[in-house]
Amino acid sequence: MSTTEVAADAARQELGAEFEGEFVGPADSGYDEARTLFNAMIDKRPAVIARCASPNDVARVIAFARAHELPLAMRGGGHNGGGLGSVDDGVVADLSLLHSVSVDADARTVRVGGGCTWAEVDAATHEHGLAVPCGVISTTGVGGLTLGGGIGHLTRGYGLTIDNLLAAEVVLADGEQVTASADENADLFWALRGGGGNFGVVTEFTFRAHPVSDVVGGPTFWPLEQTAEVLAAYREFLPTLPRNATGFFCFHTVPPGPPFPEEIHLRKVCGVVWCIQGSDEEAEQAMAPMLAVGTPLMHGAARMPLPALNSAFDGLYGPGDQWYWRADFVDEIPDEAMARNQEWNDKMPSWKSGSHLYPIDGVAHDVGPEETPWAYRDSRWAQVIIGVDTDPASAPAQRDWTVG
Ligand SMILES: Cc1cc2nc3c(=O)[nH]c(=O)nc-3n(C[C@H](O)[C@H](O)[C@H](O)COP(=O)(O)OP(=O)(O)OC[C@H]3O[C@@H](n4cnc5c(N)ncnc54)[C@H](O)[C@@H]3O)c2cc1C
């Protein structure tokens with residue numbers, strides 16, 4: 001193929017009527033929309049985007065890319081920070097049409113299309129009073145989050161997302177379609193659970209679901225100046241909580257709008273974002289030791305359906321923002337980190353920027369280090385730093401602050 005401009009035409013001609021999905025190329029009117037990723041800092045121009053409607057379509061697209069020696073990327077939810085769900089001048093297999101969700105309430109399992117978002121899964125399981133451990137923003141793709149491990153509000157109580165994966169339907173690089181589970185292709189099943197990707201395209205995941213319906217969730221904020229006291233208390237407090245309760249630590253600027261009280265808009269804060277299963281009394285009891293620390297500016301935890309908590313930040317972080325990410329796994333939060341975190345977060349370059357410490361313990365620690373390739377079972381926290389803004393002109397400032 002002489003130029004990537006003709007890849008979409010070639011795909012249409014060669015795969016023809018047998019292809020059940022659709023192709024979008026640079027000459028098509030929907031191209032810009034189809035190639036746009038969640039992170040507006042990444043701007044890639046694929047030669048062709050193939051929206052796959054079936055596992056056979058996925059196999060056909062892999063074969064097409066191999067035949068033409070074009071680079072190939074799989075796109076799930078399109079959230080990957082570095083844009084791994086797309087590729088310049090290559091073929092994107094967009095899985096978003098593979099989004100069926102089927103719940104077996106009696107068996108407490110759910111089958112999920114490889115291109116689903118967590119919002120779709122959460123909505124379907126919630127109807128049966130069930131939930132699968134997922135991430136904290138519901139527009140994130142099931143595919144990328146699961147294959148990377150999956151940390152969220154239910155990690156302490158029910159493990160990482162991969163700890164709840166029972167089986168996967170996978171299209172391999174040679175087009176073969178296989179099932180991976182503890183009983184079939186067990187080595188592939190092992191690799192899919194945190195092995196870094198590229199073992200094949202997962203067209204369907206089967207997860208174990210858990211009886212979680214309503215939770216007490218939401219944030220408590222303290223002034224950033226109280227970081228030393230609050231974070232020191234939190235690092236001792238969190239591991240003492242029962243597994244049905246958790247809270248990730250955050251540094252943020254209070255968003256300038258409802259539901260946050262106007263008097264604290266744009267104030268820099270540290271905080272805990274709670275997720276507690278059980279009665280209101282149990283939740284109050286669980287949170288009480290932390291609420292007695294320092295002087296909270298706002299306590300916004302309330303009873304809500306789990307999908308409401310899992311999507312509570314979707315509106316703040318919609319598509320199209322500039323994102324720069326850094327993340328690491330840490331074993332301890334040393335004293336020196338208190339002052340350093342306060343100093344650094346005082347310089348957040350926009351109100352959307354921030355950093356989080358997600359607990360990794362509870363059920364995530366029950367799984368042995370060799371049981372999955374996910375290499376951070378010994379860590380106690382995942383720290384994520386995000387420089388985020390709507391304005392492309394501020395991208396260098398977001399990057400500089402995040403990199404440090
Ligand atoms: C706003 C936001 C919030 C987040 N919150 C969390 C969180 O709470 N917890 C957490 O653990 N992570 C979180 N993440 C990180 C997220 O899990 C990763 O960025 C993940 O890669 C996104 O998956 P995706 O399918 O949306 O992305 P994509 O960019 O579509 O894909 C990411 C990678 O996975 C591959 N991939 C996707 N689907 C498949 C599939 N079906 N088969 C094979 N390969 C596939 C892609 O090829 C690519 O390499 C968050 C990210 C964002 C942007």
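Asn198 sits in the loop between helix 7 (186-192) and strand 9 (201-208) of this predicted model. The phi of Asn198 is near 65 degrees, a positive value in a residue other than glycine. Most residues other than glycine have a negative phi, and most peptide bonds are trans. Asn198 counts as exposed because its relative accessibility is 83%, and exposed means over 50%.

Asp89 also has a positive phi, of about 60 degrees, although Asp89 is not a glycine. Its place is the loop between strand 3 (72-75) and strand 4. Asp89 has a relative accessible area of 44%, so it is partly exposed. A cis peptide bond runs from Pro258 to Pro259, with omega near 10 degrees. Pro259 belongs to the loop between strand 11 and strand 12 (268-276).

Charged side chains were examined next. A search of the whole structure finds 20 salt bridges. One of them joins the side chains of Asp9 and Arg12, at 3.5 Å from N to O. Both residues lie in helix 1 (residues 7-15). They are three residues apart, about one turn of the helix. Asp9 is partly exposed, at 42% relative accessibility. Arg12 is partly exposed too, with a relative accessible area of 32%.

Asp43 and Arg35 form another salt bridge through their side chains, at 2.5 Å from N to O. Here, Asp43 counts as exposed, at 55% relative accessibility. Arg35 counts as buried, at 12%. The cut-offs explain the labels: Arg35 is buried because its value is under 20%, the limit for that class.

A salt bridge also joins Asp94 and Arg51, whose closest N and O atoms are 4.0 Å apart. This pair links distant parts of the chain. Asp94 lies in strand 4 (residues 91-94) and Arg51 in strand 2 (residues 48-51), 43 residues apart. Asp94 counts as buried, at 5% relative accessibility. Elsewhere, salt bridges link Glu18, Glu20, Asp57 and Arg60 in a network.

The ligand is surrounded by 28 residues. The closest are Met74, Gly76, Gly78, Val136 and Ile151. A backbone N or O atom of Met74 lies 2.7 Å from a ligand oxygen atom. For Val136, a backbone N or O atom lies 2.8 Å from an oxygen atom of the ligand. For Asn80, the corresponding distance from a backbone N or O atom to an oxygen atom of the ligand is 3.0 Å.

Rolling a probe the size of a water molecule over the atoms shows where empty space is left. Three cavities of 30 Å³ or more are found in the whole structure. The largest cavity has a volume of about 40 Å³. Its lining consists of Gly152, His153, Thr246, Gly247, Phe248, Tyr358 and Pro359. Strand 11 gives the largest share, three residues. By class, the lining has three nonpolar, four polar and no charged residues.

The second largest cavity also has a volume of about 40 Å³. Residues that line this second cavity include His153, Leu154, Arg156, Gly157, Arg243 and Asn244. Ala245, Thr246, Cys275 and Gln277 are also among them. Helix 6 (155-158) and strand 11 each supply at least two residues of this lining. Its classes are three nonpolar, five polar and two charged. His153 and Thr246 line the largest cavity and also the second largest cavity.

Two or more lining residues come from each of strand 15 (322-330), helix 11 (335-345), strand 16, strand 17 (381-389) and helix 13 (395-403). Helix 11 gives the most, with six residues. The lining of this pocket divides into 10 nonpolar, six polar and five charged residues.

Definitions and conventions
Residues numbered from 1 in each chain as written. Predicted model: local features only at pLDDT ≥ 70, side-chain atom pairs only at ≥ 80, totals over all residues. Heavy atoms only, no water. Helix = DSSP H or I, 4+ residues; strand = E, 2+ residues; numbered from the N terminus. Buried < 20%, exposed > 50% of the residue type's maximum accessible area, 1.4 Å probe, protein only. 1 Å grid on protein atoms, 1.4 Å probe; cavity = no way out; pocket = protein on both sides within 12 Å on 5 of 7 lines; lining within 4 Å. Points joined across faces, edges and corners; volume = space filled by probe spheres on them. Nonpolar A, V, L, I, M, F, W, Y, C, P; charged D, E, K, R; others polar. Near = heavy atom within 4 Å. Polar contact = N/O pair within 3.5 Å; in protein donor to acceptor, adjacent residues only side chain to side chain.
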